[in-house]
Amino acid sequence: MQVRKATLEDLPHLIDFTKSEAMDAEGMDLDSEQVRQGIRMALEDSTKAMYWVLTDEEDTPVGSISALREWSDWRAGYYWWIQSLYLAPKQRGKGHAARLIAEVNAEMQKQNGLELRLYVHRGNLAAMKAYERIGFDGLDYEIMKLSRKQR
């Protein structure tokens with residue numbers, strides 16, 4: 001198993017992983033074409049997001065992670081956010097999530113990032129426990145939203 005930067009050749013796997021992650025975490029069935037467009041745009045422009053894949057011996061992706069950067073005017077640097085993390089069911093519980101996160105953390109350190117953060121659905125207790133084992137802890141922030149008006 002190895003972790004490498006994702007390429008456009010990985011797009012079909014990344015689409016499947018993203019759709020599976022949304023279904024597993026929140027019971028959401030995402031639109032495949034919209035997911036394809038979003039991931040493709042990021043793979044072509046790393047200022048949007050960066051993707052890595054965990055691959056097996058045949059270089060077939062069996063997991064992925066994506067991250068993006070958020071500028072902080074308070075601290076004059078970037079917070080890094082894990083946007084998505086997915087492992088095929090057979091790969092879970094083997095320490096691979098920590099490997100993927102370590103890869104993102106190393107890139108963040110190389111680019112002098114401030115901190116690696118993530119958000120997790122309140123109901124996804126298994127993910128919360130996994131992140132806590134890796135070393136993440138809570139922040140004193142609540143995520144709020146103002147939705148775009150429906151047309």
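## A β-α-β unit

Strand β4, helix α3 and strand β5 form a right-handed β-α-β unit. Right-handed means that, with the strands pointing away from the viewer, the path from the first strand over the helix to the second runs clockwise. Helices (H or I, at least four residues) and strands (E, at least two) are DSSP runs, numbered from the N terminus.

The model is predicted: local features need pLDDT of at least 70, side-chain atom pairs count only at pLDDT 80 or more, and totals for chains, interfaces and linings use all residues. Residues are numbered from 1 along each chain as its sequence is written, and side-chain values use heavy atoms, with hydrogens and water left out.

## The sheet

The open sheet has 5 strands in the order β1-β2-β3-β4-β5, with mixed pairing. β1 (2–5) and β5 (115–118) are the edge strands; each has a single partner strand, so one side of each lacks a neighbour in the sheet. On average, neighbouring strands are turned by 30° against each other, direction ignored.

Two strands pair if DSSP finds at least two bridges between them. β3 (residues 61–72) and β4 (residues 77–87) are antiparallel and share 10 bridges. Here Ala-67 stands opposite Ile-82. β4 and β5 run parallel, joined by 4 bridges. Tyr-79 has Glu-115 of β5 as its bridge partner.

Helix α3 (residues 96–110) packs on this sheet and touches β1, β2 (50–55), β3, β4 and β5. Its direction makes about 155° with that of β4. Such angles run from 0 to 180 degrees between N-to-C directions, with axes fitted to C-alpha atoms, for helices over the stretch in contact.

## Nonpolar cores

A nonpolar core is a set of buried Ala, Val, Leu, Ile, Met, Phe, Trp, Tyr and Cys residues joined through side-chain atoms within 4.5 Å. Buried means under 20% relative accessible area (1.4 Å probe, protein chains only). The largest core has 21 residues; Trp-52, Ile-65, Trp-80, Ile-101 and Leu-116 touch the most other members. α3 gives the largest share, 5 residues.

A separate core holds 10 residues, including Leu-11 and Val-35.

## Arg-117

Arg-117 lies in β5. Is Arg-117 buried or exposed? Arg-117 is buried, at 12% relative accessible area. The side chains of Arg-117 and Glu-115 make a polar contact of 2.6 Å. That term covers N or O atom pairs within 3.5 Å; within protein, one must be able to donate a hydrogen and the other to accept it, and residues adjacent in sequence count only if both atoms are side-chain atoms.

Beyond four places in sequence, Arg-117 touches Tyr-79, Trp-80, Trp-81, Ile-82, Phe-136 and Leu-139. Contact means heavy atoms within 4.5 Å.

Technical notes:
Buried < 20%, exposed > 50% of the residue type's maximum accessible area, 1.4 Å probe, protein only.
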